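Let's take a walk through a protein model together. Have the sequence and the 3D view ready, and turn the model as you read.

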Amino acid sequence: MENEKKVMLSGIKPSGDLTLGSYLGAIKSWAERADTYDCYYFMADLHAITVRQNPADLRRRTLEQLAQYIACGLDPEKNTLFIQSHVHQHAELGWVLNCYSMFGELSRMTQFKDKSAKNAENINGGLFTYPALMAADILLYQPDYVPVGEDQKQHVELCRNIVQRFNGIYGDVFKMPEPFIPKVGARIMSLTDPASKMSKSENEDTGRVLLMDEPDVIMRQFKRAITDCDTENCVRYDPEAKPGVANLMTIYSSVTGRSFAEIEAEFAGKGYGAFKPAVGEAVVEALRPIREESRRLMKDKAYLESVYRSGAEKASYVAEKTLRKVYKKVGFLQR
Ligand code: TRP
């Protein structure tokens, strides 16, 4: 069953609720690609436990994330949607690739440095070898492209190093994957701190909007968004001088399809007082159908279960082929 379509794969950790940033920066464009690419998307629960999780929350979020993927337009008939821990080949190839990842290169990962600074009481081995598991996630499916945010590019580069090292020893086992960084909406920033990415944090004060937030919460978040401490009070795209305004313009542009020039014209002479609630309202309308559909899906557990079951089955079929090849190459005796 050879497939002519190019293959894409990506995952999101269910370690926090999905945000407007996850939607605009990733999931929205995933949904638009289903006809052109053969796509695999998964909930990276194995990765989530590198930071301590409450088990009940992790379970709930994993299922909610699946419901939200579907509500955002990822059609389970056209995409393979699965839960990472359901496809045991991830952990198995992850181990093998650990042995082809160097201590030095793992030590250079900025995410490891950031996370170990933030979780000083739990700098575990999984946090350190995270990129080897991520390389396994990717390579099992031999994808052409890996859509990721800017912050994950370094991990994909490490995956490419592993491919080079492994193929150098054993021949052409893995296809070389390319990172695929979206141009628009790649980085939706925090509404209160436009220098940092909008995070899945629990805390509303970090300027994040969740996919499931109610309209009044969304409006409040946008009304108190940081514009900039310039006296100009003018909607103009200038990410250097006015990063807060630029972020709001990016969001508004992503949800309305309007260009920056059109947005500047729309708000000419109106100032931030008119602009901020307008962005809020546009976001409320864009998220409304997603929130409603996610709610409906969360009540249909049997359907969600059928989606993740058949997703894991499809994924596992492909993953097993790669894993078997790798086991043979490294010298494991066949069962
Ligand atoms: N590390 C990614 C993140 O934190 C999630 C992830 C895990 C992933 N495995 C992946 C992304 C494989 C792309 C491909 O966002």
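A polar contact is a pair of N or O atoms within 3.5 Å. Keep that cut-off in mind, and remember that the model you are looking at is predicted.

Let's begin at the ligand. Which residues come nearest to the ligand? Of the 14 residues around it, these are Lys13, Tyr130, Met134, Asp137 and Gln152. Now use the cut-off on Asp137: an N or O atom in its side chain is 2.6 Å from a nitrogen atom of the ligand. Because a pair of N or O atoms within 3.5 Å counts as a polar contact, this pair qualifies. Tyr130 also has a polar side-chain atom placed 2.7 Å from a ligand nitrogen. For Gln152, the distance from a polar side-chain atom to a nitrogen atom of the ligand is 2.9 Å.

Two packed helices are described by the angle between their axes and the distance between the axes. Helix H6 covers residues 110-118 and helix H7 covers residues 125-139; their axes come within 10 Å and cross at roughly 160°. Angles over 145 degrees count as roughly antiparallel, so H6 is roughly antiparallel to H7. The crossing of H6 past H7 is right-handed.

Next, look at the backbone in two loops. Most residues other than glycine have a negative phi. Gln142, in the loop between H7 and strand S4 (145-147), has a positive phi of about 45° although it is not a glycine. Asn233 sits in the loop between helix H9 (215-223) and helix H10 (243-256), and its phi is positive too, at about 50°, again without being a glycine.

How do H10 and helix H12 (residues 272-298) cross? Their axes come within 9 Å, at an angle of roughly 40°, and the two helices are therefore oblique to each other. This crossing is left-handed. Among the residues making the contact are Leu248, Ile251 and Tyr252 of H10, together with Phe275, Val279 and Ala282 of H12. The contact residues of H10 and H12 divide into 13 nonpolar, 1 polar and 1 charged.

Definitions and conventions:
Residues numbered from 1 in each chain as written. Predicted model: local features only at pLDDT ≥ 70, side-chain atom pairs only at ≥ 80, totals over all residues. Heavy atoms only, no water. Axes fitted to C-alpha atoms, helices over the stretch in contact; angles between N-to-C directions. Helix = DSSP H or I, 4+ residues; strand = E, 2+ residues; numbered from the N terminus. Parallel < 35°, antiparallel > 145°, perpendicular 65-115°, else oblique. Left-handed = near helix turned anticlockwise from the far one by under 90°. Near = heavy atom within 4 Å. Polar contact = N/O pair within 3.5 Å; in protein donor to acceptor, adjacent residues only side chain to side chain. Contact = heavy atoms within 4.5 Å. Nonpolar A, V, L, I, M, F, W, Y, C, P; charged D, E, K, R; others polar.
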